[in-house]
Amino acid sequence: MKEVFGKTGNGDVVNAYTISNKSGMSATIIDFGATVVKLEVPDKQGKLRDIQLGYDDVKSYEEGSTFFGTIIGRNANRIFEGKVTIDGVTYQMDQNDNENNLHSGYNGIDKKMWTALFYDDSSVSFICKSDDMEQKLPGDVTITVTYSVSDDNEFKIAYDAVSTKKTVINLTSHMYLNLNGHYKGSIENHVLTINADYYNPVIDSKSIPTEENAPVENTVFDFRTPKVIGEDINKSEIQLEYVGGYDHNYIINGVTGNIRHFATVYSPDSGICMDLFSDQTGTQFYSGNFVGEQKGKGSFDYHNRSGMCLEPQYIPNAMNFIPEDDIDSPIFNADERYHTESIYKFSVK
């Protein structure tokens, strides 16, 4: 289903595309930012719950700084001092997060109008272009994102991109999920499992990670067995204190490029269980520490930790310390294809 969602400040008509399956699960995506504005899944009683935080109007997405449901690119996460060196040339990106670059700066694709290439009842594809030097990075980058819903209650995001020059490509979805419903307060009662033996500590409160792959064993970051998110989140631990909770990259066990199960989230309240799969190197676990006080959909109040993010991506700042010929590097040659997939599979317990 396609319907008008609203208009941008420039007068562009924003359309909403709803895809669904036979059990009633559905996702609604708008062509501003290729943003997921609604994700409805059945709970243990068979009732649909909208588990994606978001807004009711385009203006809020234009002005918002929390990236609810958007596609992030051409680079997700933080780059130290906003500097990227490619073939001996240093490119200075926007320093929009302290002195660092966050989510590509002020010209991220999350604030662009995308074009719908194709849609039917169960899938929709969008395309956009990031122009040469638009984010102070080289190359015209053409990006395609395809959303689909299966009858097995899988919500899949497939990303493709190609550049005219060697550049950084590292895309992700910034969905904020609350398996109790977007209107149900904190995610601290969710039970989380992350299949990762290592994580990247951050240097300080500016959230740039070190180059260390630190063991999670015997730390508050160990989610290898199911653990309630709120169990350790307020403990006196410098890494948590730096960022107000969890906002760290985990190195997903297994081989980059192979789709593998990397996390499970479960809500005892709703009975909704979400299993996540990706072919990426890592995932940023963000516990929504800086959502702040704001009005969301249906005039519901959102607060810190109203939603959580698990964002598959390359290791943050990897372009500055991982060799570019390494499979874990986000630097791509001209005409080299970037492709990655993420799957969110829902069930009930």
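At 2% relative accessibility, tyrosine 344 counts as buried, a class that means under 20% relative accessible area, with exposed meaning over 50% and partly exposed in between (1.4 Å probe, protein chains only). The model is predicted, so local features need pLDDT of at least 70 and side-chain atom pairs count only at pLDDT 80 or more, while totals for chains, interfaces and linings use all residues. Residues are numbered from 1 along each chain as its sequence is written, and side-chain values use heavy atoms, with hydrogens and water left out.

A search of the whole structure finds 20 aromatic pairs. Rings of Phe, Tyr and Trp (its six-membered ring) pair if their centres lie within 6.5 Å; planes under 30 degrees apart count as stacked, over 60 as edge-to-face and the rest as tilted. The ring centres of phenylalanine 155 and tyrosine 344 lie 6.2 Å apart with the planes at 40°, so this pair is tilted. Phenylalanine 155 belongs to strand β14 (residues 154-163) and tyrosine 344 to strand β29, so that distant parts of the chain, 189 residues apart, are linked. Phenylalanine 155 is buried, with a relative accessible area of 0%. Phenylalanine 332 and tyrosine 338 form an edge-to-face pair, 5.4 Å centre to centre with 70° between the planes.

Strand pairing was examined next. Helices (H or I, at least four residues) and strands (E, at least two) are DSSP runs, numbered from the N terminus, and two strands pair if DSSP finds at least two bridges between them. Nine strands form an open sheet with antiparallel pairing, in the order β11-β12-β13-β14-β29-β23-β22-β17-β20. The edge strands of this sheet are β11 (115-119) and β20 (227-228), each of which pairs on one side only. Within the sheet, β23 (residues 272-278) and β29 (residues 338-348) are antiparallel and share seven bridges; serine 278 stands opposite serine 342 in β29.

Another open sheet has five strands in the order β19-β18-β21-β24-β27, again with antiparallel pairing. Strands β19 (214-215) and β27 (309-313) stand at its edges with a single partner strand each, so one side of each has no neighbour in the sheet. Five bridges connect β24 (residues 282-286) with β27 in the antiparallel sense, and glycine 282 has glutamine 313 of β27 as its bridge partner. Strands β1 and β2 also run antiparallel and are joined by five bridges, with glutamate 3 opposite alanine 16 in β2. These two strands form a hairpin with five residues between them, and glycine 11 in the turn has a positive phi of about 95°.

The structure holds 21 salt bridges, each defined as a side-chain nitrogen of Lys or Arg within 4 Å of a carboxyl oxygen of Asp or Glu. Lysine 83 and glutamate 81 form one of them, at 3.8 Å from N to O. Lysine 83 is partly exposed at 37% relative accessibility, as is glutamate 81 at 28%. In the salt bridge of lysine 112 with glutamate 134, the closest N and O atoms are 3.2 Å apart. Lysine 112 lies in the loop between β10 (101-102) and β11, and glutamate 134 in the loop between β12 (123-130) and β13 (141-149), so the pair ties together parts that are 22 residues apart in sequence. Aspartate 301 meets lysine 295 at 2.7 Å, N to O, and aspartate 301 is partly exposed, with a relative accessible area of 43%. Asp43, Arg49 and Asp269 are linked in a network of salt bridges.

The largest pocket has a volume of about 300 Å³, a volume being the space filled by probe spheres set on the grid points, which are joined across faces, edges and corners. Of its 19 lining residues, Arg78, Leu102, Asp247, Tyr286 and Phe290 are the closest to the centre. The second largest pocket holds about 150 Å³ of space, and its lining includes Glu3, Phe5, Ala16 and Tyr55. Strand β1 gives the largest share of this lining, three residues.

Technical notes. On a 1 Å grid over the protein atoms alone, a cavity is a set of points where a 1.4 Å probe fits but cannot get out, and a pocket is an open set with protein on both sides within 12 Å along at least five of seven lines; lining residues have an atom within 4 Å of a point.
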